[in-house]
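Subject: Structure for your review

Dear colleague,

Please find below the structure that I promised to pass on to you. My notes on what was found in it follow directly after.

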Amino acid sequence: MIPNFIVKKLIINFAKYLFISIIFLSIFNQVKSDEIFNAGKKIFLDQGNCAICHTLLDAGSYGNIGPNLNEIRPDIMRVIAAVTNGIGVMPAYQGELSPKEIEAVAHYVSISAEY
Ligand code: HEC
């Protein structure tokens, strides 16, 4: 039989370990999603040329060929669909941007269109 005080110590140590891991993971995830956000912003302004046709305040773009993204506030799946396959006059980016780049720009648009 393990003495009670050792069991208590083990539980406390385990709780500490769990707590530290959660803090660490959440900081790490924050950094990672910020990286994707910044990569997406760059694609929006540069490779993707989205800024030419779309208004998006965070990107400082005022294009008005396509809908104002701050008004339609598309979720990430809607942006992925539009960018991958094109829609109306908007060209498809499949082949031009990698799936990872499309996901990054969609992540960026869906989050930044909210503010
Ligand atoms: C040549 C101009 C042009 C470019 C470049 C362009 N778009 Fe568009 N976009 C449009 C037009 C026009 C529409 C509206 C299409 C329609 O509904 O017929 C549209 C629609 C959209 C929509 C809404 C789709 C929906 O479901 O209603 C999103 C989101 C979007 N564009 C994001 C982007 C992103 C992100 C990029 C850059 C990777 C981009 N666009 C590049 C012209 C453009």
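In which loop is N49 found? In this predicted model, N49 is in the loop between helix 1 and helix 2. Its backbone deserves a mention: N49 has a positive phi of about 55°, although it is not a glycine. The residue counts as partly exposed, because 15 other C-beta atoms lie within 10 Å, and a residue is called buried at 20 or more and exposed at 12 or fewer.

Turning to the overall fold, the protein has five helices and two strands, which follow the pattern α-α-β-β-α-α-α along the sequence. The radius of gyration is 22 Å, well over the 13 Å that the globule rule gives for 115 residues, so the protein is more spread out than a compact globule. Taken along the principal axes, the C-alpha atoms fill a box of roughly 75 × 30 × 20 Å. Of the 115 residues, 18% count as buried. Among contacts between residues at least 6 apart in sequence, 52% join residues at least 24 apart.

The axes of helix 1 (residues 4–45) and helix 5 (residues 99–112) come within 7 Å and cross at roughly 95°. The two helices are therefore roughly perpendicular to each other, since angles of 65 to 115 degrees are classed in this way. Helix 1 contributes I36, F37, A39, G40, K41, I43 and F44 to the contact, while helix 5 contributes E101, A104, V105, H107, Y108, V109 and I111. By type, the residues of this contact comprise ten nonpolar, two polar and two charged.

Finally, the ligand. Of the 22 residues around it, G48, C50, C53, G66 and G88 come nearest. Helix 2 (50–53), helix 4 (76–85) and helix 5 are the elements that give two or more residues to this shell. Helix 4 gives the most, with four residues. The residues of the shell divide into 16 nonpolar, five polar and one charged.

With kind regards

Key: Residues are numbered from 1 along each chain as its sequence is written. This is a predicted model: local features need pLDDT of at least 70, side-chain atom pairs count only at pLDDT 80 or more; totals for chains, interfaces and linings use all residues. Axes are lines fitted to C-alpha atoms, for helices over the stretch in contact, and angles run from 0 to 180 degrees between N-to-C directions. Angles under 35 degrees count as roughly parallel, over 145 as roughly antiparallel, 65 to 115 as roughly perpendicular and the rest as oblique. Two residues are in contact if their C-beta atoms, placed from the backbone, lie within 7 Å. Ala, Val, Leu, Ile, Met, Phe, Trp, Tyr, Cys and Pro count as nonpolar, Asp, Glu, Lys and Arg as charged, and the others, Gly among them, as polar. A residue is near a molecule or strand if its C-beta atom, placed from the backbone, lies within 6 Å of it. The radius of gyration is taken over C-alpha atoms; the globule rule is 2.2 Å times the number of residues to the power 0.38.
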